Amino acid sequence: LKDPWAIVHLREWLKGSRQEQAVAIEIAGTYRTMELVPDLCAQLVRAYFRRHTVQRNIDIIVTLGKIGDPYALPILDKVAHSIWPLYPILRREMKQTVYKTLEGYPSQSCRPLVSFGLKSKNAEIRRTCVSLLRSRTT
């Protein structure tokens with residue numbers, strides 16, 4: 001997005017209703033809006049009490065992967081290392097999404113996260129990390 005006012009409006013939408021947030025997240029991913037990466041990272045909720053919060057986190061993680069700014073990786077690392085007893089299936093899906101979206105980041109930047117994923121108990125995360133390593137070495 002080349003219009004600075006668009007960024008201002010998207011930031012406002014990120015603070016708005018669920019519907020406005022969803023639109024802002026979608027637009028940020030579609031146009032790979034690097035200016036919104038810090039705002040999107042701030043929107044990730046690590047202590048979630050509602051299912052819609054987990055889904056919004058997943059949407060944000062996918063958008064961050066489309067943008068591919070390494071600025072987001074420390075936040076994603078925290079998500080990958082998180083332990084939260086509520087909604088274990090959704091938490092697992094959120095963590096798997098982190099690893100699936102790593103292909104959008106520079107390989108050197110996400111290497112520590114890939115190394116951590118290779119040790120995961122989750123077979124899908126391990127497969128994703130092995131696939132990432134293979135695709136980046138060929």
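Tutor: Fine. Thr-128 touches Tyr-99 and Lys-100, leaving out residues up to four places away in sequence. Contact here means heavy atoms within 4.5 Å.

Student: What kind of model is this, and how is it numbered?

Tutor: It is a predicted model: local features need pLDDT of at least 70, side-chain atom pairs count only at pLDDT 80 or more, and totals for chains, interfaces and linings use all residues. Residues are numbered from 1 along each chain as its sequence is written, and side-chain values use heavy atoms, with hydrogens and water left out.

Student: Where is Thr-128? And is Thr-128 buried or exposed?

Tutor: Thr-128 sits in helix α8. Helices are DSSP runs of H or I with at least four residues, strands are E runs of at least two, and both are numbered from the N terminus. Thr-128 is buried, at 17% relative accessible area. Buried means under 20%, exposed over 50%, and partly exposed in between, with a 1.4 Å probe and protein chains only.

Student: How do the axes of α6 and α8 cross?

Tutor: The axes of α6 (residues 88-100) and α8 (residues 123-137) come within 9 Å and cross at roughly 5 degrees. Axes are lines fitted to C-alpha atoms, for helices over the stretch in contact, with angles from 0 to 180 degrees between N-to-C directions. The two helices are therefore roughly parallel to each other. The classes are: under 35 degrees roughly parallel, over 145 roughly antiparallel, 65 to 115 roughly perpendicular, the rest oblique.

Student: Which residues make the contact?

Tutor: From α6, Lys-95, Gln-96, Tyr-99 and Lys-100; from α8, Glu-124, Ile-125, Thr-128, Cys-129 and Leu-132.

Student: Next, Arg-92. Buried, partly exposed or exposed?

Tutor: Arg-92 is partly exposed, with 41% relative accessible area. Arg-92 lies in helix α6. Its C-alpha is 8.3 Å from that of Asn-122, 30 residues apart in sequence.

Student: Now the core. Which members touch the most others?

Tutor: In the largest nonpolar core, of 34 residues, they are Leu-40, Leu-64, Leu-76, Tyr-99, Leu-102, Tyr-105 and Leu-113. Such a core is a set of buried Ala, Val, Leu, Ile, Met, Phe, Trp, Tyr and Cys residues joined through side-chain atoms within 4.5 Å. The largest share of this core, six residues, comes from α4.

Student: What does Leu-102 touch?

Tutor: Leu-73, Cys-110, Leu-113, Val-114, Leu-132 and Arg-136, not counting residues up to four places away in sequence.

Student: Back to α4. How many residues, and what span?

Tutor: α4 has 17 residues and reaches 25 Å from first C-alpha to last, close to the expected 24 Å. The expected span is 1.5 Å times one less than the number of residues. Its buried residues include Val-54, Ile-58, Ile-61 and Leu-64. What covers the buried residues of α4 includes α2, α3, α5 and α6.

Student: What about Ala-72: where is it, and what does Ala-72 touch?

Tutor: Ala-72 is in the loop between α4 and α5. At 0% relative accessibility, Ala-72 counts as buried. Ala-72 touches Val-37, Cys-41, Leu-64 and Tyr-105, not counting residues up to four places away in sequence.

Student: Last topic: what is the phi of Arg-32?

Tutor: Positive, about 45 degrees, although Arg-32 is not a glycine. Most residues other than glycine have a negative phi. Arg-32 is in the loop between α2 and α3. Gly-68, which follows α4, also has a positive phi, near 75 degrees.
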